[in-house]
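Hello,

Here is the structure I promised you. Please open it and keep it beside this email while you read.

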Amino acid sequence: MLLSVIVPVFNEEEIVAKTFEVLEDELKNVPHELIFVNDGSKDRTKEILESLIPEDSANKIVSFSRNFGHQAAFSAGLQACKGDAVVIIDGDLQDPPSLIHKMLEKWKEGFQIVYAQRSKRRGESIFKKTTAYLFYRTIHLLTNIDIPADTGDFRLMDRCVVDQINNLPERSRFLRGLVCWVGFKRIGILYERAERTAGTSKYPLRKMMRLAIDGITSFSTIPLKISFVIGLLASVLGFGIFVWSILEKFLQPETTVPGWASLMTAIVFFAGVQLMSIGIMGEYIGRIYEEVKGRPLYITEKKK
């Protein structure tokens with residue numbers, strides 16, 4: 001059994017050496033390979049890694065030419081790993097490496113995906129906790145995949161799961177969604193996420209918003225359907241205003257302002273028609289979108 005541990009790092013010169021030492025110490029009795037993915041760091045992260053990992057080492061360094069992002073770094077690690085079981089963990093030590101042993105126990109029991117679920121998030125602002133809470137609930141509401149609440153990318157995956165994810169051709173990746181989409185037997189482990197011991201978070205609000213948009217648009221066409229419903233309601237409202245204005249003109253001609261009824265009716269009605277038309281086009285665009293992603297129609301767990 002070989003365990004692969006994928007560690008994406010970006011400008012982590014203050015902690016990357018400690019992360020390496022902690023992982024090596026934690027996994028000293030487990031056959032393993034560490035794969036550090038340097039996501040275009042502009043500090044000394046790459047030089048520190050090269051001093052820690054010689055070329056003939058079982059451990060690996062994958063260095064990007066520039067910063068391609070967290071999800072791209074994980075994808076590169078999944079392509080480079082050789083393990084029978086693969087763990088993804090951030091390089092800041094907020095996720096405890098000691099939890100890997102519990103993940104391996106669950107894997108040996110037959111679970112093919114073991115995800116870490118946060119019971120507490122220490123050292124994070126109320127804003128960060130609130131937006132994270134809303135993010136998972138919005139994803140659950142708008143998509144047809146069941147992403148467990150309060151989970152990040154820290155998880156263990158069986159080789160068969162990794163192979164299926166590597167076969168998916170899409171570029172805008174939302175890894176925790178893809179892992180749920182491929183299926184397989186899974187289980188969660190609760191843990192308390194620690195504070196950062198060094199450095200700063202590499203996930204500002206802008207990147208969090210981009211991740212949320214990728215998650216929703218990669219797994220849902222509901223926003224397109226919403227535009228159709230809004231257009232339909234606007235058209236009904238426009239027709240209602242038209243009927244009301246006609247009745248008012250005959251019932252209260254002395255109080256009716258000339259021209260307002262026809263103007264309001266035209267604005268509301270045609271705005272609704274436009275939105276409804278966009279929604280209909282969106283339905284077709286959504287089907288094109290589903291096709292061009294190129295995901296397989298099904299995935300078999302085992303063949304005899």
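Start with R66, which lies over the face of F68, 3.8 Å from the ring centre. A charge counts as over a ring if NZ of Lys or CZ of Arg is within 6 Å of the ring centre and within 35 degrees of the ring normal. K185 lies over the face of F111, at 4.7 Å from the ring centre.

Before you go on, note that this is a predicted model: local features need pLDDT of at least 70, side-chain atom pairs count only at pLDDT 80 or more, and totals for chains, interfaces and linings use all residues. Residues are numbered from 1 along each chain as its sequence is written, and side-chain values use heavy atoms, with hydrogens and water left out.

Next, the aromatic pairs. The whole structure holds 3 of them. Rings of Phe, Tyr and Trp (its six-membered ring) pair if their centres lie within 6.5 Å; planes under 30 degrees apart are stacked, over 60 edge-to-face, and the rest tilted.

F20 and F36 have ring centres 6.1 Å apart and planes at 45°, so this pair is tilted. Both residues are buried (under 20% relative accessible area; exposed is over 50%, partly exposed in between; 1.4 Å probe, protein chains only).

F64 and F68 have ring centres 5.5 Å apart and planes at 85°, so this pair is edge-to-face. F64 counts as buried, at 18% relative accessibility. F68 counts as partly exposed, at 43%.

Best wishes
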